[in-house]
Amino acid sequence: MTDTTSSAHEKLTLRVQSITYAAKDTYLVELTDPQGTPLPSVTPGSHIDLHLGNGITRSYSLVQSGDDPASYVVGVKLDAKSRGGSRYVHEQLRVGSLLPVSMPRNHFPLHEDAAHTVLIAGGIGITPIWCMAQRLAAIGASWELWYSVRSRADLAFVPLLEATGARVHLHVDEEAGKILDLPAIVAAAPTDTHFYCCGPTPMLNAYEAAAAARFPSEQIHLERFAAKQAASVDGGFVISLARSCRDLVVPQGASVLKVLLDNGIEVDSSCQEGICGCCEVAVLEGEVDHRDAILTEAERAANKTMMVCCSGAKCSRLVLDL
């Protein structure tokens with residue numbers, strides 16, 4: 001669900017305070033205000049966009065939540081197929097650099113009043129999941145965490161995780177000789193459990209299948225690294241910009257975002273896949289062909305917003321609040 005408490009277009013200028021090793025190919029980047037001013041508050045599951053020096057914007061989950069934090073910490077894993085984001089962080093970003101950074105946004109919020117919470121992480125997906133675990137521990141909630149990686153070198157936050165005791169379960173595929181048994185984890189949970197999962201696509205697909213067989217959708221939460229659906233590039237419709245008083249044609253092969261940018265309409269964008277929410281735009285009229293991995297089914301049905309990087313139209317004309 002979209003967090004509307006802060007503007008997606010407002011930016012902070014933060015300093016890279018430290019870069020530390022967290023796990024194989026994974027760095028923790030700490031960001032602070034150059035004047036030492038406390039930063040805007042963070043809720044568990046939030047992420048920020050880093051506007052990197054190579055012109056690329058990328059979204060990263062925050063490791064810690066809280067009111068008026070002194071710093072933001074994000075985990076960045078070097079992606080072998082990096083399009084320039086994680087590679088820039090690992091190879092060119094330096095301590096002391098100043099970066100434009102978005103306000104925190106949360107499309108993966110934690111339901112703190114759940115009777116019991118099961119947290120599931122795969123690889124770098126531990127970043128938002130560990131953030132949630134820290135909050136649940138702080139408020140004395142009932143929770144458990146399952147963290148799966150391919151090799152022991154991929155484990156992050158190990159001393160901190162182990163200090164929480166038996167409620168944290170570490171699973172190393174290479175040592176166990178098998179992947180994490182998600183159906184068994186789901187089957188063992190009480191009926192009033194809320195589930196959260198962040199990890200690679202195969203894990204998320206297995207998690208959704210296992211959880212959907214037993215729990216209602218409002219108790220099943222996830223965050224994706226990659227799009228579940230291909231972007232809509234069928235075109236053949238018009239976008240009317242209510243505030244700009246302009247009509248633009250979206251041709252076949254182009255996204256709504258591309259048409260907007262090509263015509264000088266400033267819209268923030270990052271992932272280009274509908275997984276970060278950076279390009280969310282309010283819809284005033286028309287039926288959207290939703291292709292994002294953020295909005296709930298109820299939000300899609302309400303048709304009040306869309307991710308313009310990936311979603312299209314099921315009608316001949318969309319009216320956008322731009």
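Reply: The second largest cavity is lined by Ser269, Ser270, Cys271, Gln272, Gly274, Ile275, Cys276, Gly277, Cys278, Cys279, Met307 and Cys309. Residues are numbered from 1 along each chain as its sequence is written, and side-chain values use heavy atoms, without hydrogens and water. The model is predicted: local features need pLDDT of at least 70 and side-chain atom pairs count only at pLDDT 80 or more, while totals for chains, interfaces and linings use all residues.

Me: What makes a space a cavity, and what makes a residue part of its lining?

Reply: On a 1 Å grid over the protein atoms alone, a cavity is a set of points where a 1.4 Å probe fits but cannot get out, and a lining residue has an atom within 4 Å of a point. The whole structure holds 2 cavities of 30 Å³ or more.

Me: How do the residues lining the second largest cavity divide by class?

Reply: Ala, Val, Leu, Ile, Met, Phe, Trp, Tyr, Cys and Pro count as nonpolar, Asp, Glu, Lys and Arg as charged, and the others, Gly among them, as polar. On that basis this lining has 7 nonpolar, 5 polar and no charged residues.

Me: Which residues line the largest cavity, and what is its volume?

Reply: Its volume is about 60 Å³, and the lining consists of His107, Leu222, Glu223, Arg224, Ile275, Ala293 and Ile294. By class, 4 are nonpolar, 1 is polar and 2 are charged.

Me: Why is serine 46 called buried?

Reply: Buried means under 20% relative accessible area, exposed over 50%, and partly exposed in between (1.4 Å probe, protein chains only). Serine 46 has 2%, and is therefore buried. Leaving aside neighbours within four places in sequence, serine 46 is in contact (heavy atoms within 4.5 Å) with Ser61, Leu62, Pro104, Arg105 and Asn106.

Me: Is cysteine 245 buried or exposed, and what sets its phi apart?

Reply: Cysteine 245 has 70% relative accessibility, so it counts as exposed. Its phi is near 55 degrees, a positive value in a residue other than glycine. Most residues other than glycine have a negative phi. Cysteine 245 lies in the loop between strand S12 (237–241) and strand S13 (246–250); strands are DSSP runs of E with at least two residues, and helices are runs of H or I with at least four, numbered from the N terminus.

Me: What makes a set of residues a nonpolar core?

Reply: The residues must be buried Ala, Val, Leu, Ile, Met, Phe, Trp, Tyr or Cys, joined through side-chain atoms within 4.5 Å. The largest such core has 28 residues, and Leu119, Ile126, Ile129, Leu145, Tyr147 and Phe157 have the most contacts inside it. Helix H2 (126–138) is one of the elements that give two or more residues to this core, and H2 supplies the largest share, 6 residues.

Me: How is confidence in the model expressed?

Reply: pLDDT is the predictor's confidence in each residue, from 0 to 100. The protein has a mean of 92, and 97% of its residues reach 70 or more. Over residues 1–7, however, the pLDDT is below 50.

Conventions:
On a 1 Å grid over the protein atoms alone, a cavity is a set of points where a 1.4 Å probe fits but cannot get out, and a pocket is an open set with protein on both sides within 12 Å along at least five of seven lines; lining residues have an atom within 4 Å of a point. Grid points are joined across faces, edges and corners, and a volume is the space filled by probe spheres set on the points.
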